Amino acid sequence: MSKTINNSKTINTVRLEWRQINWKSVERRVFRLQKRIYQAKRRGDVRTVRGLQKILLKSWSAKLLAVRRVTQDNQGRKTAGVDGVKSLSPVARLNLVGQLELGSKSKPARRVWIPKPGRDEKRPLGIPTMYDRAAQALVKMALEPQWEAVFEPNSYGFRPGRSCHDAREAIFTAIKCKAKWVLDADIARCFDKIDHNSLLNKLETFPAIRRQIRAWLKAGVIDSGQLFPTDEGTPQGGVISPLLANIALHGMEKSIKDRVEKLPGKGSRTNRRDAVSLIRYADDFVIIHENQDVIRKCREHIQEWLKGIGLELKEAKTHLTHTLEGDNPGFDFLGFNIRQHKVGKYKTGKNTHKEPLGFKTIIKPSKKAIQNHYQKLKEAINSHITAPQEALIKHLNPMVRGWSNYYSTGVSKEIFAKLDQLMYWKLVKWGKRKHPNKTGKWIARKYWQTIGNRRWAFATRSEMNPMQLQSHNKTPIVRHVKVKGEASPYDGNLKYWSSRLGEQPGVPSKISKLLKKQKGKCAHCGLFFREEDIVEMDHIIPKSKGGKDTYKNLQLLHRHCHDVKTASDGSLGTHDKSQTVEEPCEGKLSRTVLKTSRVGDCPA
């Protein structure tokens with residue numbers, strides 16, 4: 001790969017075309033280094049870890065990959081920082097690659113406020129400049145394999161290959177054999193309050209990375225034209241911020257187990273240690289033990305532990321409950337309600353007291369999640385009173401499909417049926433408001449019809465291919481298989497990780513079938529799909545040239561591979577398609593996006 005760089009660290013003569021880069025070789029070189037970092041950390045070889053990280057940070061391939069991820073693959077690539085730079089051209093991307101270098105300075109982030117789902121509050125985001133985003137992606141490539149080798153097995157949030165459903169399955173495993181007490185806790189303003197010194201001391205890295213991360217943490221934010229200092233916290237919106245938050249919270253599980261191990265009680269220290277479970281997803285976590293007094297002591301201990309990194313529990317969202325007993329047993333976690341029900345035969349004792357012989361653990365959507373989802377459906381229907389039926393169906397289908405897929409791993413069949421019934425009556429009202437002078441029979445004939453086994457399908461009147469509203473109840477209930485304890489995408493078992501992509505909740509059946517057909521590999525470059533990849537569905541023969549929507553004409557590609565393929569097949573002309581990417585849409589567009597790094601994220 002030939003390149004010429006002048007003293008200003010920009011491409012002097014663009015002999016290297018962005019489209020001509022051999023991305024297959026680039027990704028293999030970077031992954032090989034990351035795998036070696038992971039293996040060296042697993043065996044405790046600190047010198048090798050740091051040596052390999054320095055090589056990776058200076059690697060041209062790693063810089064290329066970092067720039068591609070923030071300017072071409074990332075969903076927020078068109079969001080500008082304080083310098084206003086966004087949507088880089090291929091030449092500008094190459095210039096950025098030449099400029100990437102770690103230092104001790106950083107530009108402030110741009111403050112953006114976004115609403116929190118289901119609340120009146122707003123969440124602050126800090127959007128770094130494009131240069132800082134690329135540099136953060138580069139540093140993350142070096143740090144993530146090191147920390148994936150030591151992260152605790154029950155830490156699931158913002159980690160490659162781990163999802164909400166894995167955390168939920170870990171809770172099920174912890175309580176399925178015995179009813180237990182649970183401390184359901186939430187950390188207050190986790191990203192905004194992390195102590196910088198504690199975090200930097202925890203990094204365990206060499207000075208160059210430490211200085212650069214310190215610069216990002218201390219850079220400040222600009223809100224409404226005014227600069228505000230950042231003396232604590234990691235700005236949400238940065239590429240490296242989730243990793244830094246996980247590093248700050250690393251050690252919670254070990255600390256709790258060490259505390260319980262030293263408490264007086266029956267059994268060996270090992271048994272006492274194994275009897276307690278701490279399962280964390282980002283800033284939400286639960287502590288599980290059969291003894292209420294132990295849970296109370298764990299709460300006191302974790303409060304002291306969090307103070308050491310500048311954090312505290314959010315009292316309004318921290319509850320002590322039992323999975324089986326009490327006035328309100330069970331708890332909500334990541335949009336699911338988890339509780340146990342008494343089952344089995346009953347026996348009568350001397351005092352005519354009936355006791356159940358057993359219990360059953362039931363995990364289903366929480367009441368709050370159901371209410372929020374139905375409220376969104378109502379708002380969508382009410383806002384489409386004057387819209388045609390086709391537009392309403394296009395708007396509702398992604399909402400129904402996404403919510404149903406997320407909860408398809410729980411006991412959700414009755415809830416799905418109830419939501420379909422509520423949505424039906426809401427659509428009846430929609431039809432009556434749209435046609436106040438028509439009878440109910442006329443409205444039913446216009447908007448509902450029989451399609452296959454569905455007698456009352458809300459669908460357009462088209463003989464060839466009617467567009468119909470998806471039903472919640474159509475989604476099959478499938479048990480999720482939890483990720484292996486300490487497995488990591490950097491362990492080299494790419495076949496295992498690529499096979500899990502098609503089995504994750506939220507993956508459309510069409511994409512799941514194509515993943516199996518392609519054995520987890522991209523049809524263009526031949527590389528395995530990895531957790532951080534953006535996977536898109538492509539028509540082999542473009543629809544603009546007569547291609548059909550059949551499995552024989554569909555394939556899965558990386559987003560960047562899709563850009564290259566589309567630029568060469570003539571379906572969008574000869575311009576760089578990466579600058580005019582269409583947003584993913586359910587239905588007939590050929591660009592169906594699967595964000596593999598966030599499959600299974602909670603919609604509640």
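1. A nonpolar core is a set of buried Ala, Val, Leu, Ile, Met, Phe, Trp, Tyr and Cys residues joined through side-chain atoms within 4.5 Å. Buried means under 20% relative accessible area, exposed over 50%, and partly exposed in between, with a 1.4 Å probe and protein chains only. The largest such core here has 73 residues, and Leu64, Ile213, Phe285 and Ile287 are those with the most contacts inside it. Helix α5 (residues 130–148) supplies the largest share of this core, 10 residues. A second, separate core of 32 residues includes Ala167, Phe331, Tyr374 and Trp403.

2. The model is predicted: local features need pLDDT of at least 70 and side-chain atom pairs count only at pLDDT 80 or more, while totals for chains, interfaces and linings use all residues. Residues are numbered from 1 along each chain as its sequence is written, and side-chain values use heavy atoms, with hydrogens and water left out.

3. Some overall values follow. The protein has 20 helices and 16 strands; helices (H or I, at least four residues) and strands (E, at least two) are DSSP runs, numbered from the N terminus. Of the 604 residues in the protein, 50% are buried. Contact means heavy atoms within 4.5 Å; among contacts with a separation of 6 or more, 70% join residues 24 or more positions apart. The accessible surface comes to about 29600 Å², and 49% of this belongs to carbon and sulfur atoms; such areas come from the Shrake-Rupley method with a 1.4 Å probe, and for residues only the protein chains shown count as cover.

4. Two residues lie between β6 and β7 in their hairpin, where alanine 282 in the turn has a positive phi of about 60 degrees.

5. Strand β7 (residues 284–289) is mostly covered, with five of its six residues buried. Apart from neighbours within four places in sequence, isoleucine 287 is in contact with residues including Trp181, Leu183, Ile256, Leu278 and Cys298.

6. Axes are lines fitted to C-alpha atoms, for helices over the stretch in contact, and angles run from 0 to 180 degrees between N-to-C directions.

7. Another open sheet has four strands in the order β2-β1-β4-β5, with mixed pairing. Strands β2 (122–127) and β5 (226–228) stand at its edges with a single partner strand each, so one side of each is left without a neighbour in the sheet. The twist averages 40 degrees from one strand to the next. Strand β1 (residues 109–115) pairs with strand β4 (residues 221–223) in the parallel sense over two bridges, and alanine 109 has valine 221 as its bridge partner in β4.

How values were computed. Two strands pair if DSSP finds at least two bridges between them.
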